[in-house]
Structures are given as C-alpha cells and as structure tokens.
Amino acid sequence: MHELVGALRTYAWGSRTALAQLCGRPVPSAHPEAELWFGAHPADPAQVSVDGRARSLLELVSADPRHELGSVASAFDDRLPFLLKILAAEEPLSLQAHPSAEQARAGFERENRTRVPLDSPMRNYRDDSHKPELVVALERFEALAGFRDPRRTVALFDALAVPELAQYAELLAAQPDSAGLRTLFTTWITLPQAALGTLLPKVLDGCVRYLSDKPAGDRPAAAKEFAAEARTTLELAEAYPGDAGVLAALLLNRLTLEPGQGLFLAAGNLHAYLRGVGVEIMANSDNVLRGGLTPKHVDVPELLRVLDFEPLEVPIVAAEPVGGGIFRYHTPAPEFALRRIELAEGAPPTAVDRSGPAVLLCTSGTVRLLQGSDELKITPGKAAWISAADTDIHAQAVDGAAQLFCACVGKD
C-alpha cells in the first residue's frame with residue numbers, strides 16, 4: 001500500500017473553500033477548486049509515493065499491470081478501470097450526458113480519423129470508454145438528473161401559468177412518453193435565438209410569479225410543489241442568460257441528496273450537478289457531451305445521438321449496510337464498486353473487503369491503514385493505493401471517528 005496524492009482540477013464552477021477546508025489548506029484558495037482525481041486517467045493521473053519518490057499511478061500500472069491490477073488486468077486491457085474523485089460544485093456544471101461503450105468507441109475512432117487533436121476544445125471523445133458514474137453526497141447535494149415523467153412536467157407548466165408554454169404542455173399531454181420528450185427537447189435546444197429570447201423571459205416571469213404568489217392554506221412559498229424547480233430555473237438563467245439549456249432543465253428531475261445518499265447515472269442520462277460536495281466514481285473516462293449551461297464546446301447533434309429520452313424515476317442509490325460500519329452502493333457498472341466505511345473511535349481495526357486493486361480515500365478524521373507490520377496514516381483529502389498484490393488490509397480510526405471510502409473493481 002502506498003500514499004496516493006490526488007490531481008487537483010480547477011474549473012470555474014468549483015469552490016474556493018470546500019476542497020481547501022476538507023484537505024486542511026488555507027481558505028480561500030487562489031482559484032476555484034472543482035475536483036481531486038484519484039486514478040490513472042492519462043489526462044491527470046494521481047501520484048503514488050514509492051520509496052520516497054513520487055510516481056504517476058498511470059506509469060506504475062502500465063509498468064506492471066499484472067502485479068498492480070491482478071486478475072482484472074486482462075478484462076480491462078491492462079488499465080485501471082475506474083476513476084475516483086472528490087467533486088466540489090459551487091456553481092452548476094454543464095447540462096451533459098455520457099455515451100454508451102459502443103458510442104464511445106465509434107466516436108473516438110471517428111474523431112481520430114478526422115485528426116481532431118486529443119486536447120482540442122472541439123473534441124467530444126477523448127477516449128474510447130463509456131462513463132457510468134456514481135456520486136455520493138458528503139453534504140447536501142443538489143442535481144438535475146434524467147427526464148421527469150412527462151405528466152409531471154405538464155403539471156409544472158400548468159403551475160407556472162405561462163401562456164407561451166401551453167402549446168408545449170399540449171404536446172407532452174398528447175404524447176407523454178420518450179417520443180414526446182425527444183420532440184420537445186429537440187425543439188427547445190435548437191430554438192433560434194430570437195424565439196428563445198421571447199420564450200425564456202416569459203418562463204422566468206412565470207417562475208417569479210409562482211414563487212411570489214401566496215399558496216393556498218397560508219403555507220410558505222417553499223412548500224409549493226414545484227418551488228425547487230422554479231428557483232433552479234431562475235438561478236440557471238442568472239448564471240447563463242439566454243441559454244437554451246435553461247429551458248431544457250425544466251424537463252429534468254430536480255433532486256436533493258442528503259449526506260450518504262448516492263446518485264447513479266448510466267449512459268444517455270441528461271444531468272447537471274448544481275451544488276455540493278461529493279465522492280464520485282466512474283469508469284475511467286472523460287467523455288462528455290454537452291447541451292448547454294457552459295462556455296465549453298456544445299455539440300447538440302452529437303448529444304441528441306446519445307441521449308436516452310425514457311422518463312427516469314429519481315435515480316437515488318441508498319447505502320446498504322453490510323455490518324461493521326460498512327455501507328455499499330449497488331450499481332450495474334462492472335468497472336467499479338464503492339463502499340463507505342464509518343470507523344468508530346476506539347474500535348478495533350476493520351478489514352477492508354475489496355475485489356482486486358483499490359483506492360482508499362479518507363473524507364473525515366484520521367485513518368490508520370494496517371498491513372502486517374506496515375502502517376500508513378491518511379487524513380481528509382488523502383488516499384492510499386492498494387495493489388491487487390496487497391493482502392489483509394485493515395483500517396482503524398485515530399483520535400476520534402473517521403470516514404473512509406473504498407473504490408475497487410465492480411463485483412456486486
């Protein structure tokens with residue numbers, strides 16, 4: 001086992017306080033800090049401390065995949081199949097979706113044939129992998145995820161009482177299925193700027209009225225059925241004025257994760273994280289198709305090719321207790337599995353169950369990792385690389401309770 005130092009990513013939507021506070025660094029940070037990557041992705045691999053020398057985890061795995069990855073090496077082309085992150089969103093991320101494995105391979109080969117540079121901002125596919133992902137909230141976490149049941153969206157339109165939305169409500173009411181959602185989403189995301197400039201202000205006025213009007217029974221405005229959706233629409237419009245993604249966001253499930261809850265997103269699910277801090281695990285990919293709410297490259301035709309328009313029930317993943325303070329998050333992804341381990345003060349060491357290689361990430365307290373006579377302490381924002389050859393790893397809290405996440409290859 002070796003200490004693993006995450007690669008810090010700075011994006012405009014990141015936080016100047018969240019990651020710095022978590023890692024015990026001065027606040028505020030010089031730049032918005034969005035993600036810490038603990039993986040072997042070529043774009044930004046984490047650094048492993050080996051014999052007092054920093055070495056890229058990508059380099060370490062590539063040099064001896066059989067030792068580092070064990071029996072899973074052949075199944076994943078000698079590559080670590082997952083990427084673990086801490087994500088801190090102060091502002092909304094882009095409206096986006098990820099391709100399926102087949103779509104990713106085809107898109108990557110197509111852009112290679114046309115010689116789009118890998119680092120080009122116009123590139124859609126930076127690798128040949130799909131990107132199923134799971135985020136687990138460390139604090140209250142807000143998101144848009146998956147297309148809402150069209151009948152509920154019709155109810156939202158009716159509640160906003162915007163005459164200009166009537167024709168779209170009728171469209172969905174007549175075809176309350178994936179075909180209706182595809183038609184409406186495509187219409188809105190491709191609206192000419194003049195038409196968008198007329199419709200969007202009317203919708204925003206409707207949101208303001210809806211939140212301002214006194215609800216029945218003298219209940220507070222926050223108790224209104226669609227208050228969160230209306231507020232989010234106004235917030236997105238303020239951050240991205242005149243963006244068609246603001247309208248598109250009206251079609252998505254608006255959800256809140258409480259600490260410990262997870263959100264799983266399979267290929268094709270349109271989503272946007274709004275704010276919060278979480279641990280995120282995904283297949284080892286950086287493929288993103290964007291549809292709006294971003295200054296980055298937006299490719300609407302390609303996004304439409306990968307989107308899944310089937311209405312999605314809110315895809316919250318509950319943590320399943322398995323005993324001993326260990327909780328697991330079930331997903332269908334073969335590339336990864338995630339456990340949350342709550343280590344109580346004064347408790348004996350807990351065995352770390354895993355399949356193959358693993359990354360152990362501390363998110364609170366201090367954790368002592370034990371392997372025979374070897375010991376490694378990690379604090380919040382720090383991690384350890386556990387190769388497939390490392391056996392009998394145990395974890396114990398030091399000076400108070402601690403929280404540890406174990407990322408490994410999927411087996412559930």
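In the UniProt record, an unreviewed entry, the feature "active site" is placed at R290. The structure examined here is a predicted model, and the surroundings of this position were therefore described from predicted coordinates. R290 belongs to strand β13, which covers residues 289-292. With a relative accessible area of 17%, R290 is classed as buried, because burial is assigned under 20%. When neighbours within four places in sequence are set aside, the contacts of R290 include S94, L95 and Q96. K296, H297, V298, D299 and L303 are also in contact with R290.

The backbone was examined next. The peptide bond that joins V27 to P28 is cis, and its omega angle is near 0 degrees. P28 is found in a loop, which runs between α1 (18-23) and β3 (35-38).

Positive phi values in residues other than glycine were also considered. D77 is such a residue, with phi near 55 degrees. The loop that holds D77 lies between α3 (65-69) and β6 (82-89). The relative accessibility of D77 is 57%, so this residue counts as exposed, the threshold for exposure being over 50%. R115, likewise not a glycine, has a positive phi of about 60 degrees. R115 is located in the loop between α4 (101-113) and β8 (133-137). At a relative accessibility of 74%, R115 is therefore also assigned to the exposed class.

C362 takes part in no disulfide, and the cysteine sulfur nearest to it, that of C23, is 10.0 Å away. C362 is buried, because its relative accessibility is 0%. For C406, which is likewise in no disulfide, the nearest cysteine sulfur belongs to C408 and is 4.8 Å away. C406 has a relative accessibility of 1% and so counts as buried.

D77 is in the loop between α3 and β6, and R115 is in the loop between α4 and β8.

Key. Residues are numbered from 1 along each chain as its sequence is written. This is a predicted model: local features need pLDDT of at least 70, side-chain atom pairs count only at pLDDT 80 or more; totals for chains, interfaces and linings use all residues. Side-chain values use heavy atoms; hydrogens and water are left out. Helices (H or I, at least four residues) and strands (E, at least two) are DSSP runs, numbered from the N terminus. Buried means under 20% relative accessible area, exposed over 50%, partly exposed in between (1.4 Å probe, protein chains only). A disulfide is a pair of cysteine sulfur atoms within 2.5 Å. UniProt positions are given in the numbering used here, feature names are shortened, and annotations may be inferred rather than shown by experiment. Contact means heavy atoms within 4.5 Å.
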